[in-house]
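Subject: Structure for you to look at

Hello,

Please find the structure below. My notes on what was found in it follow.

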Amino acid sequence: MKNWLTRMVVLMAMKMNDNYQLSIQEKRKAIKILATIELAKDDFWYFCKAMDNSFFNDSKHYLKDLAYQLNDFHKTKPEICDTLIINMPPRAGKTYILELYEVWCKCKNPKSKSIIVCYNEQLSLIFSKAVR
């Protein structure tokens, strides 16, 4: 995650400094990063991959499916469906993907509200700190 944020800061600095000269390889990397950022704005799976590419890889089909279901849930009108319950085995990554989902939703709509129910207080505190 920190690598992604570092790259974002470098790209922002490059945009601010017009005299900055890039090599062809650096330009290709910058274009790839910008393309990933644009995809991540509208597609939750790409957002997950941009935040942690080593954890969210294409071999974890269950996480990819969950990410697309969360993406569809986000696009659904609240009158049609306003509750989402996720049941998955332990250590499947559900807390991590839901933390990222909350961040993604808050980025898209800072006024959005959600309730996360956890089985104990410690997990809920960890979750709220991660989202903040």
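I will start with the lining of the largest pocket. Helix 4 (61–75), helix 5 (94–108) and helix 6 (121–131) each contribute at least two residues to it. Helix 5 gives the largest share of that lining, with eight residues. Please keep in mind that this is a predicted model.

The volume of the largest pocket is about 1,300 Å³. It is lined by 34 residues, and those closest to its centre are Leu84, Leu98, Glu102, Ile115 and Ile116. Sorted by class, the lining consists of 19 nonpolar, nine polar and six charged residues. As for how such spaces are found, rolling a probe the size of a water molecule over the atoms shows where empty space is left.

Now the protein as a whole. If you take the contacts between residues at least 6 apart in sequence, 58% of them join residues at least 24 apart.

Next, the charged side chains. How many salt bridges does the structure hold? The count is four.

- Asp58 and Lys49: their side chains form a salt bridge with an N to O distance of 3.5 Å. Asp58 is partly exposed, with a relative accessibility of 38%.
- Lys64 and Asp58: their side chains form a salt bridge with an N to O distance of 3.9 Å. Lys64 has a relative accessible area of 27%, which makes it partly exposed. Through salt bridges that share partners, Lys49, Asp58 and Lys64 are joined into one network.

Three single residues are also worth a look.

The first topic is Asn71, which lies in helix 4. Is Asn71 buried or exposed? Its relative accessible area is 5%, and because a residue under 20% counts as buried, Asn71 is buried. Apart from its neighbours within four places in sequence, Asn71 is in contact with Asp42, Asp43, Phe44 and Trp104.

The next topic is Arg91, in the loop between helix 4 and helix 5. Arg91 is exposed, with a relative accessible area of 84%. What is phi of Arg91 near? The value is near 65°, which is positive, in a residue other than glycine. For background, most residues other than glycine have a negative phi.

The last topic is Lys106, which has its place in helix 5. With a relative accessibility of 31%, Lys106 counts as partly exposed. Not counting residues up to four places away in sequence, Lys106 touches Ser112 and Lys113.

When you open the model, you could begin with helix 5, which supplies eight residues to the lining of the largest pocket. From there, go to Asn71 in helix 4, then to Arg91 in the loop between helix 4 and helix 5.

Regards

Conventions: Residues are numbered from 1 along each chain as its sequence is written. This is a predicted model: local features need pLDDT of at least 70, side-chain atom pairs count only at pLDDT 80 or more; totals for chains, interfaces and linings use all residues. Side-chain values use heavy atoms; hydrogens and water are left out. Contact means heavy atoms within 4.5 Å. On a 1 Å grid over the protein atoms alone, a cavity is a set of points where a 1.4 Å probe fits but cannot get out, and a pocket is an open set with protein on both sides within 12 Å along at least five of seven lines; lining residues have an atom within 4 Å of a point. Grid points are joined across faces, edges and corners, and a volume is the space filled by probe spheres set on the points. Helices (H or I, at least four residues) and strands (E, at least two) are DSSP runs, numbered from the N terminus. Ala, Val, Leu, Ile, Met, Phe, Trp, Tyr, Cys and Pro count as nonpolar, Asp, Glu, Lys and Arg as charged, and the others, Gly among them, as polar. Buried means under 20% relative accessible area, exposed over 50%, partly exposed in between (1.4 Å probe, protein chains only).
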